[in-house]
Amino acid sequence: QVQLVESGGGLVQAGGSLRLSCAASGSIFVINRMAWYRQAPGKQRELVAAVTSSGSTNYADSVKGRFTISRDNAKNTVYLQMNSLKPEDTAVYYCNLDITTIQIDGMNYWGKGTLVTVSS
């Protein structure tokens, strides 16, 4: 079984920074794509950033230049460094990992979510 543990959310003033972490544990063979999504009140869940196993990254236009996604394969962990935070960044952030185990090839796993609140 694979489980994800998210951390790093909290309350921050506009212009501040936070670093989110998502660590996977279990019978993991390889983690392919790692990504962060967010869902603000009254809105649909949206992709924030993603990184492939080869290191290619992509970001939502709204966070380009402010957020950075990175991965530590040895720790099975993905990070999201969020700088210059804006009130519109307020949302529940979810990590999403595409994981291959000894039994299953490429299955999506979701974290429980961590709340980020940016005040003005």
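What share of the contacts in the protein with a separation of 6 or more is accounted for by residues 24 or more positions apart? In this predicted model, such residues account for 55% of those contacts.

Some overall values are collected below.

| Property of the protein | Value |
|---|---|
| Span of the C-alpha trace along its principal axes | about 45 × 25 × 25 Å |
| Buried residues | 42% of the 120 residues |
| Distance between mean positions of the 11 positive and 8 negative charges | 3 Å |

The structure holds 1 disulfide, formed by C22 and C95, whose sulfur atoms lie 2.0 Å apart. Because C22 belongs to strand 3 (residues 18-25) and C95 to strand 9 (residues 91-101), the pair ties together parts that are 73 residues apart in sequence. The link of C22 and C95 is right-handed, with 50° about the S-S bond, and both cysteines are buried.

T52, by contrast, sits in the loop between strand 5 (46-51) and strand 6 (57-59), and it counts as partly exposed because its relative accessibility is 29%. Leaving aside neighbours within four places in sequence, T52 is in contact with N32, R33 and R71; the C-alpha atoms of T52 and N32, which are 20 residues apart along the chain, are separated by 6.0 Å.

Key
Residues are numbered from 1 along each chain as its sequence is written. This is a predicted model: local features need pLDDT of at least 70, side-chain atom pairs count only at pLDDT 80 or more; totals for chains, interfaces and linings use all residues. Side-chain values use heavy atoms; hydrogens and water are left out. A disulfide is a pair of cysteine sulfur atoms within 2.5 Å. Helices (H or I, at least four residues) and strands (E, at least two) are DSSP runs, numbered from the N terminus. Buried means under 20% relative accessible area, exposed over 50%, partly exposed in between (1.4 Å probe, protein chains only). Contact means heavy atoms within 4.5 Å. Lys and Arg count as positive and Asp and Glu as negative; His and the chain ends are not counted. The place of a charge is taken as NZ of Lys, CZ of Arg, CG of Asp or CD of Glu.
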